[in-house]
Amino acid sequence: MAESDAQTKIQLDERDIPTHWYNLVPDLPHPPAPVLHPGTGQPVGPADLAPLFPMALIGQEVSQEKTIEIPDEVRDIYRLWRPTPVFRARRLEKALDTTAHIYYKYEGVSPAGSHKPNTAVAQAYYNKAEGIRRLTTETGAGQWGSALAFACALFKLECTVYMVSASYHQKPYRRSMIQLYGAEVFPSPSPRTQSGQKVLAGDPNSPGSLGIAISEAVEDAATHDDAHYSLGSVLNHVLLHQSVIGQEALKQMDAAGEYPDVVIGCVGGGSNFAGLAFPFVGEKLRQGKRTRIIAVEPEACPTLTKGTYAYDFGDTVGLTPLVKMHTLGHSFVPPAIHAGGLRYHGAAPLLSQLVDEGTVEAVAYPQNGVFDAAIQFARTEGIVPAPESAHAIRATIDEAMRAREAGERRVILFNLSGHGHFDMGAYDAYLAGALQDYAYPSEAILRALTELPQVAVTA
Ligand SMILES: Cc1ncc(COP(=O)(O)O)c(C=O)c1O
């Protein structure tokens, strides 16, 4: 075998860390739908968002620039783990006896163990620069909470994390990690906020959801002048910061002498998916490449495959502006599946638009099949994946099996968005045969959709 054929890890130099974030918006065939004020139904302006976000991030949220320079301080911190490696999954390929070539970009090498610090560091930087003292946020799986806690520690910001109650109890060590970095963490819904009190009044045993935790974090920031809110996914500026993943992957695939036929990522709010996929979507839109781009979600929270593309609140209580996205309805509380980071009622507006326009495909899987794939991956490639990332592995394995049936040499690239070292409770449950597949709760979703806000703008 020639040396290049045996290459397993495709590494870049620190000099190859992107100098700019890539913004997909100017490459889109249609402009994104405006974000609307929940009270007036009119497009929001910077002043409406200023109580929650620094001006630099508000500017990035609506930017039409193709690229935005990454501040030196942020790039310097990225050096702690970036560039991340791309691996050729040779042992998985062999186990599957597939004709496909499987590559994965591994974001689990970051200090917090996932892609989340790519935006956490940027957000902490801009808030510190604007004189903010404390950041508030939600977290599902705990990956985002620990990433923001890490970033706040580096910039000497205080940090308050509302952690979805189901995950708070399923993942005690993520909670410890958040505290270890110096942040405070509360199970959500909590009695600390009016939003939390309202949910607890209706259901004292609520498992929580990302939507509820967002309501609490937004309320906390909006009611304290020295605090801002930080979101770990969904918004344009978050997806923008994650574009370092795909920009590096483009170079690494080039170094491997291949171009992906299929790009795959899991979707909670859409940030790791967008991070890897959008630079490839850009090439698809600009250069007419025929790359298939697949977003993978859990059947228990089927936002892209079963949701409606409509204006909705980003949170449960209805405190945030209205965004046009695929949604299951802001009051939808998904079952407490073990991929806690994928339990969000909506999906990023930019991703939703791409799915609506047919540029991106979406598929949904039940959790047992996802864990089967995670175990097969761990036993061949060695890395224990986060249950969220394992959704992308499931879709990759299925794609590789289809390639084998078709006798095609399909090149597949997926995002391994994080490791699962804090997810042993979930793996224990799977190995004990105690994981349940949740049927699509169509009635609950239909009920939640009746509560969608009415808006005059349909753009
Ligand atoms: C490892 C990992 N992957 C994926 C996600 C889903 O989020 P997003 O769709 O924003 O990437 C999460 C969320 O917590 C996560 O922890």
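**Close-up views of a predicted chain**

**Figure 1. Overall build of the chain.** The structure is a predicted model, in which local features need pLDDT of at least 70, side-chain atom pairs count only at pLDDT 80 or more, and totals for chains, interfaces and linings use all residues. Residues are numbered from 1 along each chain as its sequence is written, and side-chain values use heavy atoms, with hydrogens and water left out. The chain has 19 helices and 15 strands; helices (H or I, at least four residues) and strands (E, at least two) are DSSP runs numbered from the N terminus. Its radius of gyration, taken over C-alpha atoms, is 20 Å, close to the 23 Å given for 459 residues by the globule rule, so the chain is as compact as a globular protein of that length. That rule is 2.2 Å times the number of residues to the power 0.38. The C-alpha atoms fill a box of roughly 65 × 50 × 45 Å along the principal axes.

**Figure 2. The nonpolar cores.** A nonpolar core is a set of buried Ala, Val, Leu, Ile, Met, Phe, Trp, Tyr and Cys residues joined through side-chain atoms within 4.5 Å. The largest such core has 68 residues, and Trp 21, Phe 278 and Val 360 have the most contacts inside it. Helix 7 (residues 143-155) supplies the largest share of this core, eight residues. A second, separate core of 35 residues includes Ile 264, Ala 374, Ile 375 and Ile 383.

**Figure 3. Packing of helix 16 with helix 17.** Helix 16 (residues 367-381) packs on helix 17 (residues 387-406) at an angle of about 85°, with the axes 8 Å apart. Helix 16 is therefore roughly perpendicular to helix 17, a term for angles of 65 to 115 degrees. Residues making the contact include Phe 371, Ala 374 and Phe 377 of helix 16 and His 391, Arg 394 and Ile 397 of helix 17.

**Figure 4. Surroundings of Val 363.** Val 363 lies in strand 14 (residues 361-365) and, at 27% relative accessibility, counts as partly exposed. Leaving aside neighbours within four places in sequence, Val 363 is in contact with Ile 294, Ala 295, Val 296, Glu 297 and Thr 305. The C-alpha atoms of Val 363 and His 391, 28 residues apart along the chain, are separated by 9.7 Å.

Methods
Buried means under 20% relative accessible area, exposed over 50%, partly exposed in between (1.4 Å probe, protein chains only). Axes are lines fitted to C-alpha atoms, for helices over the stretch in contact, and angles run from 0 to 180 degrees between N-to-C directions. Angles under 35 degrees count as roughly parallel, over 145 as roughly antiparallel, 65 to 115 as roughly perpendicular and the rest as oblique. Contact means heavy atoms within 4.5 Å.
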